[in-house]
Amino acid sequence: MRILFKNAEVLRKGRKNVVVEGEYIRKICDTDISDTSGFDRVIDCSKKLLMPGLYNCHTHAAMTLFRGYGEDMPLDRWLHEKIFPAEELLTNESVYTASLYACAEMIRGGIVSFTDMYEKCGETCKAVAMTGMKANISRSVLSFDKKEDMSTSFRLNESKSLFREWHNAEHGRIKIDMSVHAEYTNNENSCRATAAFAVENGTHMHIHLSETQSEHEECKKRNNGRTPAEFMRDCGIFDVPATAAHCVYVTDSDMDLMHEKGVFAAHNPTSNLKLGSGIMRTSEMLKRGVGIVLGTDGAASNNTLNIFKEMHLAAVLDKGATRDPGGHNAYEFVRMATENGAASQGRTDCGIIEEGKKADIILVDLDSINNIPMYDPCYTAVYSASAGDVSLTMCDGRILYENGEFLTVDIEKLKSDMRHTCENYFKENK
């Protein structure tokens, strides 16, 4: 398939014509291409912003099932009173439907790839395969018994099986990471065993880290003064490329450790605020060289999967927290949602609009009432635009969504399936 994006406002490049051939961006040029006979499609991009597809670098896709289920509670009560009991009753069918629904929501909002941590992950892989998205998916390991024989741990063995079955499936669109849920749901034994498999097989790692003050402080009490970041380092978790979600209470020395180890911090501003967990110190992390990416967390604690919202909130929170409106420009937050996101997933040919890179492209409607006038596309993307302004989402050169139409998902059937799944789930499990 050869597609010409004609007369587009390309983020940070000005007015351009962009040629896509197969999975890749082949040409970006100023000059008008008058002979369009060699193209399968010509897309008129007048009044459109062309930018890289977005990355949601920390989520739990199937938790769309629990959107609005546990409200107005702090994290510990939310988990133990609502989420953990509900998750015990998950089925393959409910995880598949909820994951597929999450994929559709993300595609609609310009997200081309996500980093997921959950259970029954083969079902999430099937959903990703069907929709044409990308994802780094991990089955999180939990272990509350320090003497557990990890060779017989069903969670760790599920992780290993998932890796063997799905890693680099769908022409590399699906990658399998390893994951330990968090320090407070694991021990040194389980962390070391998970890290050993990751090192041996060259996988990435996905964890929760210092999400709440109590988590951070109680870890120090349990582990001879070591913070969660220090504990994870000592267990080998950071010996492979890692994404650490939340990082609200990491110390300055933790940040230096993360920079040294190349750990990406996944900033989830909406979820952290909604659960009353706190605010990540974005400016200090950037100053110390920590790579930052953006995540929504699951729909149970957000309640949407909207990276435009996270870009906006991350930017304004940083200004308010530091009382410095000029500390960081808008493009730094766009990079978190695009180029940094791709790097955190190990996708070195993605996340940027350049010749030779993967054609992961979204179009944002600049004729939307909230986007007029536009003086700088980066500031429009971060402060004015919304997920609803996305008019096209392309992943690996394949259009997944265009002008209100889903091209890989029967959205009306999916909505019906999702309603049916939720109604039956809570009816049967009261």
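Biologist: Is the crossing of α12 and α14 left-handed or right-handed?

Modeller: In this predicted model, α12 and α14 cross in the left-handed sense. In general, two packed helices are described by the angle between their axes and the distance between the axes. Here the axes of α12, residues 330–337, and α14, residues 377–384, come within 8 Å and cross at roughly 70°. Helix α12 is therefore roughly perpendicular to α14.

Biologist: Which residues make the contact of α12 and α14?

Modeller: Helix α12 contributes A330, Y331 and V334, while α14 contributes C378, Y379, V382 and Y383. The residues of this contact comprise seven nonpolar, no polar and no charged.

Biologist: Let us turn to the sheet. What is the order of the strands in the open sheet of four strands?

Modeller: The order is β6-β7-β8-β9, and the pairing is parallel. Strands β6 (54–59) and β9 (174–176) stand at the edges with a single partner strand each, so one side of each has no neighbour in the sheet. From one strand to the next, the twist averages 10°.

Biologist: How many bridges pair β7 with β8?

Modeller: Strand β7, residues 111–118, and strand β8, residues 134–139, pair in the parallel sense over six bridges. Y118 stands opposite R139 in β8.

Biologist: Which strands does helix α3 touch as it packs on the sheet?

Modeller: Helix α3, residues 121–131, touches β7, β8 and β9. The direction of α3 makes about 175° with that of β8.

Terms used
Residues numbered from 1 in each chain as written. Predicted model: local features only at pLDDT ≥ 70, side-chain atom pairs only at ≥ 80, totals over all residues. Heavy atoms only, no water. Axes fitted to C-alpha atoms, helices over the stretch in contact; angles between N-to-C directions. Helix = DSSP H or I, 4+ residues; strand = E, 2+ residues; numbered from the N terminus. Parallel < 35°, antiparallel > 145°, perpendicular 65-115°, else oblique. Left-handed = near helix turned anticlockwise from the far one by under 90°. Contact = heavy atoms within 4.5 Å. Nonpolar A, V, L, I, M, F, W, Y, C, P; charged D, E, K, R; others polar. Pairing = 2+ DSSP bridges.
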